[in-house]
There are 4 protein chains.
Amino acid sequence: MSSFKLHGIVPPVVTPLTHDFKVDKPSLRKVVRHLIDGGVHGLFVLGSTSECVFLNASQRADVLATVAEENNGRVPMVAGTMDPTTDRVIEHAKQARDAGMQGLVVTAPFYTRTSQAETIDHFTMIRDAVDLPILAYDLPVCVHIKLERPTLRALYDKGVICALKDSSGDDGNMRMVMRDFGGNDDFSILTGSEIMVDGALLGGAHGCVPGLGNVDPAGYVRLYEAAKRGDWVAARKEQERLIELFQIVFQGVPDTSPNASGVGGFKTAMQLLGIIENRHMSRPNKVLSDEKVARIKAILGATGLLKS
Amino acid sequence: MSSFKLHGIVPPVVTPLTHDFKVDKPSLRKVVRHLIDGGVHGLFVLGSTSECVFLNASQRADVLATVAEENNGRVPMVAGTMDPTTDRVIEHAKQARDAGMQGLVVTAPFYTRTSQAETIDHFTMIRDAVDLPILAYDLPVCVHIKLERPTLRALYDKGVICALKDSSGDDGNMRMVMRDFGGNDDFSILTGSEIMVDGALLGGAHGCVPGLGNVDPAGYVRLYEAAKRGDWVAARKEQERLIELFQIVFQGVPDTSPNASGVGGFKTAMQLLGIIENRHMSRPNKVLSDEKVARIKAILGATGLLKS
Amino acid sequence: MSSFKLHGIVPPVVTPLTHDFKVDKPSLRKVVRHLIDGGVHGLFVLGSTSECVFLNASQRADVLATVAEENNGRVPMVAGTMDPTTDRVIEHAKQARDAGMQGLVVTAPFYTRTSQAETIDHFTMIRDAVDLPILAYDLPVCVHIKLERPTLRALYDKGVICALKDSSGDDGNMRMVMRDFGGNDDFSILTGSEIMVDGALLGGAHGCVPGLGNVDPAGYVRLYEAAKRGDWVAARKEQERLIELFQIVFQGVPDTSPNASGVGGFKTAMQLLGIIENRHMSRPNKVLSDEKVARIKAILGATGLLKS
Amino acid sequence: MSSFKLHGIVPPVVTPLTHDFKVDKPSLRKVVRHLIDGGVHGLFVLGSTSECVFLNASQRADVLATVAEENNGRVPMVAGTMDPTTDRVIEHAKQARDAGMQGLVVTAPFYTRTSQAETIDHFTMIRDAVDLPILAYDLPVCVHIKLERPTLRALYDKGVICALKDSSGDDGNMRMVMRDFGGNDDFSILTGSEIMVDGALLGGAHGCVPGLGNVDPAGYVRLYEAAKRGDWVAARKEQERLIELFQIVFQGVPDTSPNASGVGGFKTAMQLLGIIENRHMSRPNKVLSDEKVARIKAILGATGLLKS
């Protein structure tokens with residue numbers, strides 16, 4: 001576990017679907033190539049943006065196998081294991097390990113209300129059951145519990161987690177976590193925000209897990225590389241272009257849920273860019289209307305991704 | 001679907017576990033007998049109190065088969081289908097149908113953020129896939145979305161749902177739902193509260209799904225029957241005794257989560273009463289300490305369930 | 001303090017306004033007469049429904065003096081003292097005392113984030129400064145902190161509070177408070193709900209503070225009296241009529257805030273019934289449109305308050 | 001209004017108190033000198049950190065006069081006007097104008113629930129009543145409503161507001177506001193965060209309103225100046241030192257509220273540094289214990305502010 005340290009741009013890989021809601025493997029292969037061609041530093045399979053909780057074990061197996069095969073060892077792969085409770089997560093973790101993933105991404109339990117102490121047990125039990133590095137995934141908007149600073153520290157000190165993916169939206173707290181782990185070079189902090197990457201990297205984050213990276217991986221890689229060489233003006237400028245591109249996630253609401261608007265916006269853009277075949281999500285997410293598609297197309301044009 | 005109308009006391013059946021976290025079938029059979037001997041009007045299998053989201057498909061199958069066999073048609077059975085998303089719920093729904101359940105209990109999607117319109121689609125897709133009556137389960141504390149009044153009405157008008165199990169804690173809103181369905185005799189409203197049953201029945205509820213009914217089914221049946229015959233003083237008196245008994249759910253906190261304190265409290269009481277073998281819950285719920293067990297024992301004594 | 005025990009129907013007295021936002025004293029006198037003629041058991045002046053936080057010290061003085069004069073000792077009067085912090089509340093408390101109020105209604109501090117321990121100090125400092133009985137006002141929707149069960153108990157045991165006005169909407173918790181104070185005959189529990197009064201009285205509440213009581217005080221008095229004589233069927237029937245009447249509070253949204261819809265709905269109904277001159281609220285609450293007024297008029301007709 | 005644009009470090013000026021809770025004017029003068037000597041670019045009087053909502057009109061007048069006199073025109077001054085409702089805010093606004101403040105800081109209404117449309121009216125009515133530039137103060141943790149992006153835009157387009165003070169903690173949304181106002185050079189965005197200033201300035205913020213600036217104004221000025229000259233490494237390093245200093249705000253909890261821990265922490269540090277006489281806050285905030293004071297002293301030492 002000690003040698004595994006994620007950094008850079010690690011997008012949550014979108015899961016394209018066929019019309020009958022199977023995993024669209026050819027499109028998924030194209031997504032992987034698109035990301036690796038864009039220069040990403042790792043792949044996060046079966047994340048929230050990947051519609052993980054919509055997929056059953058068989059579909060998750062298809063995703064894991066397809067991505068692993070297409071990636072063929074070029075970049076590190078980590079896999080989400082999202083499900084409500086410990087032993088069900090362990091089943092997914094074993095599946096991910098067997099599919100060749102190098103790390104696991106684990107949230108707190110959800111649906112059930114769990115204390116911070118039980119959350120520590122949850123992560124520890126998973127670590128004990130499957131010998132892979134664990135990235136703690138802080139995502140209160142979905143799991144409705146915060147991974148508090150002392151919880152993260154306890155899990156690191158016990159050797160259970162090696163990284164944080166912070167999708168809490170509480171960037172101030174993430175900055176405090178950076179402080180808490182300031183002296184721990186083997187701990188990675190990755191922001192889940194698409195629009196605060198320059199500031200997060202300035203503050204000390206090691207990388208980013210941008211859903212929008214499915215649409216424009218090269219943009220995020222440029223942002224990261226500018227930051228690495230200390231060119232913060234260039235990093236900010238790239239970030240500002242990506243913020244414009246990020247407007248695609250808001251086009252669906254209020255006709256759809258934020259989820260269907262956000263991931264649906266990514267899929268729509270990827271379809272328009274010729275990367276995937278279909279833009280629909282898993283049920284019951286609503287499909288964006290043609291009018292919304294037109295707006296997303298306009299945004300792709302304005303941000304230089306699509307020639308008119 | 002039209003002839004199915006739940007009423008009365010329909011407890012969520014606790015799921016006893018063996019030491020290695022399998023379904024403890026002999027204990028589960030004793031739970032079912034305990035409930036039916038207590039006079040309950042139906043069984044709600046695989047509810048939140050049953051630790052549904054902790055159980056995989058195989059464990060759920062064990063629960064469904066064991067309860068169905070032990071019940072042997074004596075009272076109606078409905079089954080929870082809890083999982084985050086539509087198609088995964090449909091898998092559970094088919095399993096429940098095949099195990100002989102007469103109805104499904106369905107929540108809104110969770111983990112993913114879903115709109116009211118997508119929630120309507122969610123229920124409708126499940127109804128279309130499995131021809132069983134559906135009880136809408138309003139449980140924002142777990143799924144973090146409210147089944148709003150217009151949503152319930154739309155689902156009823158489309159023939160998708162036949163009942164509401166209201167575990168929202170918002171009894172004022174439930175009263176408004178009673179008003180909304182005042183003229184619809186084929187729609188049932190069941191409260192999920194253990195401590196507001198007299199008032200709910202006075203207001204027009206048709207029954208109750210009390211987790212605490214696992215400990216004292218006969219008490220809830222007495223409460224219900226008093227209310228049915230209009231003896232509200234007797235109903236209130238029984239309710240007040242059950243409120244004292246309900247204190248068992250608070251003994252665990254803050255050492256455990258509310259969940260481990262609540263369901264763990266039920267299990268501890270049932271173990272003390274000789275109904276089940278073990279009191280532990282699924283992982284990562286913490287086990288109540290001996291000191292907490294002693295306190296629960298004292299409450300059982302004070303409320304007349306355990307002779308000292 | 002020992003002899004003061006509120007019970008029965010104690011409406012929060014609506015504050016009518018002139019066109020230039022002064023207290024409309026003649027209308028306010030008519031409101032008081034309307035309430036006392038309706039048989040109410042007390043008056044709660046300067047409550048949330050009275051737009052208390054919109055009124056400065058001079059306006060509050062006008063309200064207090066006008067109500068006290070018109071009431072002329074017929075029923076007990078208590079006064080809200082709402083403002084964010086302790087010493088500012090004490091100024092209002094002194095004003096209320098000097099105006100002849102028999103009790104104070106006090107919330108937790110707001111705007112500032114206060115702990116339960118500091119909340120106990122807040123109430124205690126007010127009690128020490130002004131020798132009047134205090135009703136604790138639990139209103140998390142406005143002050144965003146809950147008066148927790150141990151806090152209420154501690155304040156009672158210290159002799160600081162003599163009653164609870166529960167507007168929390170958490171009727172299950174209120175039932176637990178009823179249990180906690182089951183042996184304390186000198187402690188009153190009043191529900192702030194308009195639509196759950198029958199159930200609250202069945203559960204042991206001593207009365208109700210219904211904003212809707214401004215529109216139909218006699219209806220609430222009938223409900224209360226039916227409950228007192230144990231005629232729960234009659235109580236429920238009256239409650240159900242009042243629930244229909246309560247629909248007036250929903251007509252404004254989403255064009256206005258819930259506040260402007262609710263209190264604005266009361267004021268509109270009172271204007272239609274000829275009790276007050278104007279229906280506008282304090283700024284910046286929006287005024288209900290003519291179309292909404294027509295709907296409220298229809299509800300008044302359907303519930304028997306207005307002849308067509 | 002057009003020529004007024006805040007930028008740089010504009011601390012919310014702490015309000016020192018005498019033992020009998022009057023404004024400690026000599027200490028307040030020392031605070032003002034301490035801030036101006038530290039190089040701050042403006043003063044925000046009567047902010048949340050200034051305990052604004054604890055102060056009555058007379059105390060607010062003392063603060064305004066004392067600061068205005070001591071500042072003597074050296075830096076721009078803006079004043080908070082916090083109270084729950086429009087017309088009461090207008091009274092404070094007039095007082096601030098008459099005391100020579102150059103701008104007003106205004107929140108959404110609180111206690112009462114207000115819609116976004118009514119919030120727009122609220123700001124507009126205040127602007128119409130008092131001809132001073134208005135900074136919109138986004139502070140959902142206190143007022144429990146968000147100033148949404150379209151609300152801010154509408155207020156700017158109507159000429160009502162000239163700046164945002166963002167204390168929402170939602171830095172991602174603030175970044176979107178920066179985008180929304182990217183082409184409006186006459187609109188200022190100031191972050192209320194103490195610990196995310198480098199990132200906010202990188203993203204395009206014009207300044208900061210740091211409560212911690214009362215303790216170390218020169219540190220924040222160094223941070224700001226480093227950012228202005230594009231030396232982001234120096235800015236980050238200064239920020240990291242200030243993050244260590246910021247730990248003083250956490251020492252009080254859980255023995256006190258977050259408010260008493262935070263502002264109480266600032267006051268304690270300022271007393272230790274010899275700037276103010278007393279460290280207690282307004283009632284009912286608890287005073288930090290001697291043990292907490294010792295911890296704060298240690299932090300001051302470790303961050304170079306206090307010689308041992």
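Colleague: What separates D157(B) and R153(B) in helix 6 of chain B?

Modeller: About one helical turn, because D157(B) and R153(B) are 4 residues apart in that helix, which covers residues 149-157. Keep in mind that this is a predicted model.

Colleague: Why is the contact of D157(B) with R153(B) called a salt bridge?

Modeller: The rule asks for a side-chain nitrogen of Lys or Arg within 4 Å of a carboxyl oxygen of Asp or Glu. The closest N and O atoms of D157(B) and R153(B) are 3.3 Å apart. That is within 4 Å, so the pair qualifies as a salt bridge.

Colleague: Why is D157(B) called exposed?

Modeller: Exposed means over 50% relative accessible area. D157(B) has 52%, so the label exposed applies.

Colleague: And why does R153(B) count as partly exposed?

Modeller: R153(B) has 25% relative accessibility. Buried means under 20% and exposed over 50%, so 25% falls in between and R153(B) is partly exposed.

Colleague: Which salt bridge does D83(B) form, and what is the N to O distance?

Modeller: The partner of D83(B) is R88(B), with 3.8 Å from N to O. The limit is 4 Å, so this pair passes too.

Colleague: Are D83(B) and R88(B) buried or exposed?

Modeller: D83(B) is buried, and R88(B) is buried as well.

Colleague: Now chain D. What makes D98(D) and R97(D) a salt bridge?

Modeller: Their closest N and O atoms are 3.1 Å apart. D98(D) is exposed at 60% relative accessibility. R97(D) is partly exposed, at 33%. In chain A, salt bridges with shared partners tie R29(A), R33(A), E69(A) and E70(A) into one network.

Colleague: How many salt bridges does a search of the whole structure find?

Modeller: Over all chains, 104.

Colleague: On to the fold. Why does the radius of gyration of chain A agree with a compact globule?

Modeller: Chain A has 308 residues, and a compact globule with that number would have a radius of gyration near 19 Å. Chain A has 18 Å, so the value agrees. Its C-alpha trace spans about 55 × 45 × 40 Å along the principal axes. Chain A has 12 helices and 8 strands.

Colleague: What percentage of the residues of chain A count as buried?

Modeller: The share is 66% of the 308 residues. Take contacts in chain A between residues at least 6 apart in sequence: 72% of them join residues at least 24 apart.

Colleague: What area is buried between chain A and chain B?

Modeller: About 3700 Å², with 56% of it from carbon and sulfur atoms. On the chain A side, Y111(A), R113(A) and R283(A) lose the most area to chain B, together 24% of what that side buries. The contact takes 43 residues from chain A and 43 residues from chain B.

Colleague: Why is K286(A) with D121(B) a salt bridge?

Modeller: The closest N and O atoms of K286(A) and D121(B) are 2.7 Å apart. The cut-off is 4 Å, so the pair counts. The rule finds 6 salt bridges across this interface of chain A and chain B. Between chain A and chain B, 25 residue pairs are in polar contact, both residues at pLDDT 80 or more. Helix 3 (86-98), helix 4 (116-129), helix 5 (140-143) and helix 11 (258-272) of chain A each supply at least two residues to the side that touches chain B. By class, that side of chain A divides into 19 nonpolar, 14 polar and 10 charged residues.

Colleague: What area do chain C and chain B bury between them?

Modeller: About 2000 Å², 59% of it on carbon and sulfur atoms. In chain C, R175(C), R179(C) and L202(C) lose the most area to chain B, together 31% of what that side buries. The contact takes 23 residues from chain C and 23 residues from chain B.

Colleague: Why does D198(B) with R175(C) count as a salt bridge?

Modeller: The closest N and O atoms are 2.8 Å apart. That is within 4 Å, so D198(B) and R175(C) meet the rule. The count between chain C and chain B is 4 salt bridges. There are also 6 residue pairs in polar contact between chain C and chain B, both residues at pLDDT 80 or more. Helix 7 (171-180), helix 8 (197-203) and helix 10 (232-246) of chain C are the elements that give two or more residues to the side touching chain B. Helix 10 of chain C gives the most, with 6 residues. That side of chain C has 8 nonpolar, 7 polar and 8 charged residues.

Technical notes:
Residues are numbered from 1 along each chain as its sequence is written. Chains are lettered from A and ligands numbered from 1 in the order in which they are written. This is a predicted model: local features need pLDDT of at least 70, side-chain atom pairs count only at pLDDT 80 or more; totals for chains, interfaces and linings use all residues. Side-chain values use heavy atoms; hydrogens and water are left out. Contact means heavy atoms within 4.5 Å. Buried area is the accessible area (1.4 Å probe) that two parts lose on being put together, summed over both. A polar contact is a pair of N or O atoms within 3.5 Å; within protein, one must be able to donate a hydrogen and the other to accept it, and residues adjacent in sequence count only if both atoms are side-chain atoms. Ala, Val, Leu, Ile, Met, Phe, Trp, Tyr, Cys and Pro count as nonpolar, Asp, Glu, Lys and Arg as charged, and the others, Gly among them, as polar. Buried means under 20% relative accessible area, exposed over 50%, partly exposed in between (1.4 Å probe, protein chains only). The radius of gyration is taken over C-alpha atoms; the globule rule is 2.2 Å times the number of residues to the power 0.38.
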